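Subject: Structure handover

Hello,

I am passing this structure on to you. Please look it over first; my notes on what was found follow below.

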Amino acid sequence: MLEDAQALDRMFQALSDQSRRGMIDRLGRGPASVTELAQPLDMALPTVMKHLQVLETSGLVLSKKAGRVRTFHLRKEALAAVERWITERKASWNRTFDRLDIFLADASTETDE
């Protein structure tokens with residue numbers, strides 16, 4: 001359980017940066033080289049590589065090197081873990097709000113009597 005929590009922490013930390021989220025969006029359309037991922041960003045290539053390292057350490061992306069080209073791929077199953085965590089929280093919050101709605105409806109009925 002602790003390992004899962006740490007992995008989730010790394011994913012959220014990786015997703016906390018706008019540039020990395022942009023890279024994730026781009027990789028959602030298919031694999032891309034470092035150069036392709038760096039093109040829309042206004043930063044030096046070493047900085048892009050540091051961002052990609054954060055994404056890879058988080059488990060959100062994988063890279064493969066063929067010759068001089070490193071290509072990154074999105075790990076959609078890793079995003080599923082983030083989605084599952086959010087879905088679980090949302091369900092819990094919805095149950096709480098449903099109970100609050102029932103409580104308020106009962107309270108409203110009591111005051112109308």
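The side chain of S58 comes within 2.6 Å of the backbone oxygen of L55. The side chain of S58 also reaches the backbone nitrogen of L60, here at 3.2 Å. Please keep in mind that this is a predicted model.

S58 is part of helix 4. Is S58 buried or exposed? With a relative accessible area of 4%, S58 is buried, because the cut-off for buried is under 20%. Apart from neighbours within four places in sequence, S58 is in contact with A7, R10, M11 and A14.

G59 sits in the loop between helix 4 and strand 2 (61-66). G59 is buried too, at a relative accessible area of 15%. If residues up to four places away in sequence are not counted, G59 touches R75 and A78. The C-alpha atoms of G59 and A78 are 6.5 Å apart in space, while the two residues are 19 apart in sequence.

L60 has a list of contacts as well, again leaving aside neighbours within four places in sequence: M11, A14, L15, I24, L55, H73, L74, R75, A78 and L79. A78 and R75 are therefore found in the list for L60 and in the one for G59, with contact meaning heavy atoms within 4.5 Å.

**The nonpolar core**

How many residues does the largest nonpolar core have? The number is 21, and the residues with the most contacts inside this core are L52, L55, L60 and V61. Two or more residues each come from helix 1 (2-15), helix 2 (18-27), helix 3 (34-38), helix 4 (45-58), strand 3 (69-74) and helix 5 (76-112). Helix 1 contributes the most, with five residues.

**L27 in helix 2**

L27 belongs to helix 2 and is buried, with a relative accessible area of 3%. Not counting residues up to four places away in sequence, L27 touches A32, L37, V61, F72, H73 and L74. One of these, V61, is also among the residues with the most contacts inside the largest nonpolar core. For L27 and V48, 21 residues apart along the chain, the C-alpha atoms are separated by 14 Å.

**The aromatic pair**

There is one aromatic pair in the structure. It is formed by F12 and W85 in an edge-to-face arrangement, at 5.3 Å centre to centre and with 70 degrees between the planes. F12 is in helix 1 and W85 in helix 5, so the pair ties together parts that lie 73 residues apart in sequence. How accessible are the two residues? F12 is partly exposed at a relative accessible area of 29%, and W85 is partly exposed at 33%.

**Salt bridges**

The count of salt bridges comes to two. In one, the side chains of E77 and R75 meet at 3.1 Å, N to O. E77 is partly exposed, with a relative accessible area of 49%, and R75 is partly exposed at 24%. R75 is also one of the residues that G59 touches.

The other salt bridge joins the side chains of R89 and E88 at 3.4 Å, N to O. R89 counts as partly exposed at 28% relative accessibility, and E88 counts as partly exposed at 43%.

**Q39, an exposed loop residue**

Where is Q39 found? Q39 is in the loop between helix 3 and helix 4. Its relative accessibility is 68%, so Q39 counts as exposed, the cut-off being over 50%. Between the C-alpha atoms of Q39 and H73 there are 17 Å, and the two residues are 34 apart along the chain.

**Confidence of the prediction**

The average pLDDT of the chain is 91, and 96% of the residues score at least 70.

Regards

How values were computed:
Residues numbered from 1 in each chain as written. Predicted model: local features only at pLDDT ≥ 70, side-chain atom pairs only at ≥ 80, totals over all residues. Heavy atoms only, no water. Core = buried A, V, L, I, M, F, W, Y, C linked by side-chain atoms within 4.5 Å. Buried < 20%, exposed > 50% of the residue type's maximum accessible area, 1.4 Å probe, protein only. Helix = DSSP H or I, 4+ residues; strand = E, 2+ residues; numbered from the N terminus. Phe/Tyr/Trp six-rings, centres within 6.5 Å; stacked < 30°, edge-to-face > 60°. Polar contact = N/O pair within 3.5 Å; in protein donor to acceptor, adjacent residues only side chain to side chain. Salt bridge = Lys/Arg side-chain N within 4 Å of Asp/Glu carboxyl O. pLDDT = per-residue confidence, 0-100.
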